[in-house]
Amino acid sequence: MEKLRTFILNLYPTTKFFITLFLMITPLLLPGYLYSYLVPVLCLFIAMIAGKTKLFVDIVFKGLLSIVIMIFLLQAFFYPGDTILWTWKIFSIKQEGIDFSVQLTSKILAVGSAIVLFFQITKINDLARSLEILGVSPKATYVLSSALNIIPEMRMHLLRIMDAQKTRGVETEGNLRIRLKAFFPALTPLILSSFSSTDEKAITLESRAFTARTKKTSLHQLEKTKSDSVVRVLLLILFVFILIWRFFL
């Protein structure tokens, strides 16, 4: 298991992106919904091997699944159709709505799970560096990495602020009312600390000649291995096979 974990985590960022792209596109190509619902299970299996189970499950079940359920109910109630399965006043569930909901939500769940998996097994710095090697501007990669890191950074700031509130005797745990009462006073120091960290980042970048019009170098190096070549070839073969089966067989 440790060898598999190391194998997955040590793959080149673009190889992981190709895996994610494969898991996103194939559910859209294949008819039906069984394969689409198998993709999140496959993503969960990969996350388990990589040691990212908790984070993957938290994001998928607490965030993505709630959106999928909402879309499923909306489509089931309001999608046009003639085969009524259940009705109550102005609301009715139709067979056509159920069929469409299953198809739509399976695709959304598959695509969303693949994206979540990608960011769980790929370091943002590795992704940015791989884009720079491909020729993307360092300014663009910095903007990308900053945008992807802003939510985790603000979450860490908020946790520190809430811990500080606890040490001062402020009640931060309990029912929803107590949590909201503790959350809103924490917004002001959170926003101020975000501005302060932005200034610190700007000074750091200037001290490293980030805006200088010269070729940039980096201590962070990435190398492709034979494993990346094998995975890419297998993905290409599988994708071609799926295309042939879908459109010609």
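Analyst: A residue is called buried when its relative accessible area is under 20%. That cut-off will be needed throughout this predicted model.

User: Does S130 count as buried or exposed, and why?

Analyst: S130 counts as buried because its relative accessibility is 0%, which falls under 20%. The residue belongs to helix 6, which spans residues 124–133.

User: Which residues is S130 in contact with, leaving aside its neighbours within four places in sequence?

Analyst: With those neighbours set aside, S130 is in contact with Y12, P13, T14 and L222.

User: Where else does a charged residue lie over the face of a ring?

Analyst: R246 is placed over the face of F247, at 5.6 Å from the ring centre.

User: How many helices and strands are there in the protein chain, and how do the elements run from the N terminus?

Analyst: The protein chain has 9 helices and 2 strands. Read from the N terminus, the order is α-α-α-α-β-β-α-α-α-α-α. The chain has 249 residues, and 29% of them count as buried. Its accessible surface is about 16900 Å², with 69% belonging to carbon and sulfur atoms. As for contacts between residues at least 6 apart in sequence, 66% join residues at least 24 apart.

User: At what angle do helix 1 and helix 3 pack?

Analyst: An angle from 65 to 115 degrees counts as roughly perpendicular. Helix 1 (residues 2–9) and helix 3 (residues 34–50) pack at about 105°, and their axes are 8 Å apart. Helix 1 is therefore roughly perpendicular to helix 3. On the helix 1 side, L4, R5, I8 and L9 take part, and they meet I46, I49 and A50 of helix 3.

User: How is a pair of aromatic rings described?

Analyst: Two quantities describe such a pair, namely the distance of the centres and the angle of the planes. In this model the count comes to 6 aromatic pairs. For Y33 and Y37, the ring centres are 6.1 Å apart and the planes stand at 75°, so the pair is edge-to-face. Y33 counts as partly exposed at 37% relative accessibility, and Y37 likewise counts as partly exposed at 29%.

User: What is the pair formed by the rings of F77 and F78?

Analyst: The rings of F77 and F78 have centres 6.5 Å apart and planes at 50°, so this pair is tilted. F77 is partly exposed, with a relative accessible area of 23%, whereas F78 is exposed, at 55%.

User: Which residues form one aromatic cluster?

Analyst: One aromatic cluster is made of F17, F18, F118 and F119.

User: Which residues does V102 touch, not counting those up to four places away in sequence?

Analyst: On that basis V102 touches Y33, Y37 and F72. V102 sits in helix 5 (residues 95–121). The residue counts as buried because its relative accessibility is 16%.

Terms used: Residues are numbered from 1 along each chain as its sequence is written. This is a predicted model: local features need pLDDT of at least 70, side-chain atom pairs count only at pLDDT 80 or more; totals for chains, interfaces and linings use all residues. Side-chain values use heavy atoms; hydrogens and water are left out. Helices (H or I, at least four residues) and strands (E, at least two) are DSSP runs, numbered from the N terminus. Buried means under 20% relative accessible area, exposed over 50%, partly exposed in between (1.4 Å probe, protein chains only). Contact means heavy atoms within 4.5 Å. Accessible areas come from the Shrake-Rupley method with a 1.4 Å probe; for residues, only the protein chains shown count as cover. Rings of Phe, Tyr and Trp (its six-membered ring) pair if their centres lie within 6.5 Å; planes under 30 degrees apart count as stacked, over 60 as edge-to-face and the rest as tilted. A charge sits over a ring if NZ of Lys or CZ of Arg is within 6 Å of the ring centre and within 35 degrees of the ring normal. Axes are lines fitted to C-alpha atoms, for helices over the stretch in contact, and angles run from 0 to 180 degrees between N-to-C directions. Angles under 35 degrees count as roughly parallel, over 145 as roughly antiparallel, 65 to 115 as roughly perpendicular and the rest as oblique.
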